[in-house]
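Please read the points below alongside the model.

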Amino acid sequence: MSRHDLIQPLFVIEGKSTKIPIDSMVGINRLTIDLLVEKCKQLSDDGISAVALFPAIEQDKKDHEGSEAINDNGLIQRAVRTLKREVPKLGLITDVALDPYTTHGHDGIVNQSGDIVNDRTVSMLVQQALSHADSGADIVAPSDMMDGRIGEIRNSLEKNGFINTKILSYSCKYCSSFYGPFRDAIGSSTNLGETDKSSYQMDIGNGDEAIREASLDISEGADILMVKPGMPYLDIVYRLKNNFSVPIFVYQVSGEFKMLNCLAGKDKAYLTKLIIESLVAFKRAGATAIISYFSESIVKILPSSN
Ligand code: PBG
């Protein structure tokens, strides 16, 4: 377990010199690009290897199709270009999914009967991934769970000369209740209303499906696999590790962050112990790297290398 194993998720907003706290996630703010740069310089100096960027899009830029997602001059695209220039050594992971951009809060395009239209969504995701790669993203991370998107994204990246852009596939993303605080952070929870994502995220009781999804994604060209959430799904991390030779990332999601914070209350020393135990458990199960909201607070007490 070392500093390089840690990835920090960060939320980006439009504007200047502004940070907006996320009520459901203590200590986590949404940052404008200038403050994001400062934060990333610090993280990189501390030894964090990469950040995962998520946009909180203004309501008036959202629409039914999530078309702002493919705007080459959109918030994420500008953030990536700026960070690549200002903090070149820090790895940048971008989220490929439509939920921050849609008025209904789903990861894909929804038809009149409320179903997600897979193929039209995939063509949007391909354009979104290309736009991120073109801005300088090192890793594009489809978190949407549509069928066939890894192959399509891989083909278009290759065709357009982005041969070094890696694909981190959220292969095993469960339809979990642990994402609640994140949905507040990007503002998709009110939009989602009473609907859920069970038609495209995985059934929490199904472990074998993880293996099937992962092998499909690898055959379509994924470089790295993601398991999400983390702690309740350590068996999945372990199974992937035993079945495949690609790197496995695990996402300690917003609900897990909140859970540990609640348990520790104001006791900082106790929180540190809880964080370390949870991170060590991910490594023990077989994770290569960990996306955690705790990365920034814990990085300095870890060794620089294994
Ligand atoms: C969806 C997405 C989600 C998270 C990251 N990207 C969850 C969802 O709404 O299904 C959750 C991360 C977290 O809870 O920390 N594209």
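1. Leucine 6 has isoleucine 290 in S10 as its bridge partner, and S1 and S10 pair in the parallel sense over 2 bridges. Strands are taken here as DSSP runs of E with at least two residues, helices as runs of H or I with at least four residues, both numbered from the N terminus, and two strands pair if DSSP finds at least two bridges between them.

2. A word on the basis of these points: this is a predicted model, in which local features need pLDDT of at least 70 and side-chain atom pairs count only at pLDDT 80 or more, whereas totals for chains, interfaces and linings use all residues. Residues are numbered from 1 along each chain as its sequence is written, and side-chain values use heavy atoms, with hydrogens and water left out.

3. S1 also pairs with S4 in the parallel sense, over 6 bridges, and in this pairing isoleucine 7 stands opposite alanine 50. A further 3 bridges join S1 to strand S3 (residues 29–32), again in parallel, with valine 12 opposite leucine 31.

4. S1 is mostly covered, since 8 of its 8 residues are buried, where buried means under 20% relative accessible area, exposed over 50% and partly exposed in between (1.4 Å probe, protein chains only). Both faces are covered, with Leu6, Gln8, Leu10 and Val12 on one side and Ile7, Pro9, Phe11 and Ile13 on the other.

5. The structure holds 10 aromatic pairs, counted when ring centres of Phe, Tyr and Trp (its six-membered ring) lie within 6.5 Å, with planes under 30 degrees apart called stacked, over 60 edge-to-face and the rest tilted. One of them is the tilted pair of phenylalanine 11 and phenylalanine 54, at 6.0 Å centre to centre and 40 degrees between the planes. This pair links distant parts of the chain, 43 residues apart, from strand S1 (residues 6–13) to strand S4 (residues 50–55). Phenylalanine 11 counts as buried because its relative accessibility is 1%, and phenylalanine 54 because its value is 3%.

6. The rings of tyrosine 251 and tyrosine 293 have their centres 6.1 Å apart and their planes at 50 degrees, so this pair is tilted. Tyrosine 251 lies in strand S9 (residues 248–252) and tyrosine 293, 42 residues apart from it, in the loop between strand S10 (289–292) and helix H11 (295–298). Both tyrosine 251 and tyrosine 293 are buried.

7. Ring pairs link Phe11, Phe54, Tyr170, Phe182, Tyr251, Phe257, Tyr293 and Phe294 into a cluster. The charged end of lysine 228 sits over the ring of tyrosine 251, 4.9 Å from its centre, and lysine 228 also lies over the face of phenylalanine 182, at 5.9 Å from the ring centre; the criterion is NZ of Lys or CZ of Arg within 6 Å of the ring centre and within 35 degrees of the ring normal.
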